[in-house]
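Please keep the sequence and the model in view while reading.

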Amino acid sequence: LDLQDQIARDVAANLRLHLTGEEEQRLTKRHTQNSAAYLLYTEGKFHFNKFTPDGLQTGIEYFQRALNADPNYAPALAGVGRCKVLLGTLYLGPRVTHPEARELFLKVLQIDPTLADAHAGLGTIHLFHDWDWPAAERELKLASANSGWMAHNIYGFWFAAHNRLPEALASIQRGQEVDPAAAPRRHELAQCYNWMRRYDEAIVEANKALELDAKFPLAYTQLSLAHVQQGQPGQAIAELQVAIDAGQRHPGVVGMLGYAYAVAGQRAEAQKTLTQLEGMSQGRYGFAMPIARIHAGLGDKDLAFEWLQKACEERDSQVIWLKVDPTLDNLRSHPRFAQLLRDMNLPP
């Protein structure tokens, strides 16, 4: 910890930065004096970035161990909240985990009112759970002002929800620059390039994500989506089948396979995938949006809207990007699409 402080000061001096006392204090601020707690916290961040259920649960365990070593270690408490947010956003549903995460972030801010991760966490909850866009932007701006890496990519998601894609890309790129060795940051860039219909760049970033973590499931969805949109559904089907055979059975991956089958005109295979997903979806989160995509790919608009409505009801994380998702392009002129946006407090 002493070495990190000295490096920060040396870098600032060599860049001839003229820092105020407050800026230097923020640059070298320690949230703990306990090096064991710090190392446990960094281990927790490593597991958090796997974005898998096991990785997130393991991250919580390491963050809790850091808190056992230092009960007032605010970043570790925020780390527990971040894991719970992501468990809800990706696997269990925001309605299940976000209320508990909100309480954790509010507790963090009692310890450190400026901690960027806590403001970014609250912004994430306002974004995906509450659909309170002004509150989300307020918290994300606070987090960005305090150099929070998490704030940049989440703020990019906020911009994308409002179809402000150049700003979304700039913010997500900033998040990647701050956290360059994490597969999720490359995946988020691939996702943004797909929203922008810049498919070649999406493929590059998705492959970089897989180079960093070959088991990162969401990168397969962005890689295959780009190939489908480029008119190469056969290549997407092959890639997704390899991923599924290797154990990547996230509903987003299976759903993208069904969408690729639908676009390729393989209706029987698409319907088979639909039946499989619908059977697995009973009482479970995360299936509504993939099923809606397959129906959209098949041109079954009424069924697509039924499942989109279900996705909204369970706060599926993907619904906030209705305006920019390429898989929904054939639904946007329908009156029910504008109603969905109004229900989410988004302008048509």
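A crossing of two helices is called left-handed if the near helix is turned anticlockwise from the far one by less than a right angle, and right-handed if it is turned clockwise. The model shown here is a predicted one, and the crossing of its helices H10 and H11 is left-handed. H10 spans residues 165–178 and H11 spans residues 183–195; they pack with their axes 9 Å apart, at an angle of about 165 degrees. Angles over 145 degrees count as roughly antiparallel, and H10 and H11 are therefore roughly antiparallel to each other. On the side of H10, the contact is formed by Leu 165, Ala 168, Leu 169, Ile 172, Gln 173, Gly 175 and Gln 176. H11 contributes Arg 185, Arg 186, Glu 188, Leu 189, Cys 192, Tyr 193 and Trp 195.

Helix H3, residues 35–48, packs with helix H4, residues 53–69, at an angle of about 170 degrees, and their axes lie 8 Å apart. That angle makes H3 roughly antiparallel to H4. H3 passes H4 in a left-handed crossing. Among the residues that make the contact are Leu 40, Tyr 41 and Phe 48 of H3, together with Leu 56, Tyr 62 and Phe 63 of H4. The contact of H3 with H4 divides into nine nonpolar, five polar and three charged residues.

These helices belong to a protein chain whose secondary structure comes to 19 helices and zero strands. The radius of gyration of the chain is 21 Å, close to the 20 Å that the globule rule gives for 348 residues, so the chain is as compact as a globular protein of that length. Along the principal axes, its C-alpha atoms fill a box of roughly 65 × 40 × 40 Å. Of the 348 residues, 56% are buried. Among contacts in the chain with a separation of 6 or more, 58% join residues 24 or more positions apart.

Ala 296 is located in helix H17, residues 288–298. Is Ala 296 buried or exposed? With 3% relative accessibility, Ala 296 counts as buried, the cut-off for burial being under 20%. Leaving aside residues up to four places away in sequence, Ala 296 touches Ala 304, Thr 327, Leu 328, Asn 330 and Leu 331. Ala 296 and Leu 331 are 35 residues apart in sequence, while their C-alpha atoms are 7.3 Å apart in space.

Note on methods:
Residues are numbered from 1 along each chain as its sequence is written. This is a predicted model: local features need pLDDT of at least 70, side-chain atom pairs count only at pLDDT 80 or more; totals for chains, interfaces and linings use all residues. Side-chain values use heavy atoms; hydrogens and water are left out. Axes are lines fitted to C-alpha atoms, for helices over the stretch in contact, and angles run from 0 to 180 degrees between N-to-C directions. Helices (H or I, at least four residues) and strands (E, at least two) are DSSP runs, numbered from the N terminus. Angles under 35 degrees count as roughly parallel, over 145 as roughly antiparallel, 65 to 115 as roughly perpendicular and the rest as oblique. Contact means heavy atoms within 4.5 Å. Ala, Val, Leu, Ile, Met, Phe, Trp, Tyr, Cys and Pro count as nonpolar, Asp, Glu, Lys and Arg as charged, and the others, Gly among them, as polar. The radius of gyration is taken over C-alpha atoms; the globule rule is 2.2 Å times the number of residues to the power 0.38. Buried means under 20% relative accessible area, exposed over 50%, partly exposed in between (1.4 Å probe, protein chains only).
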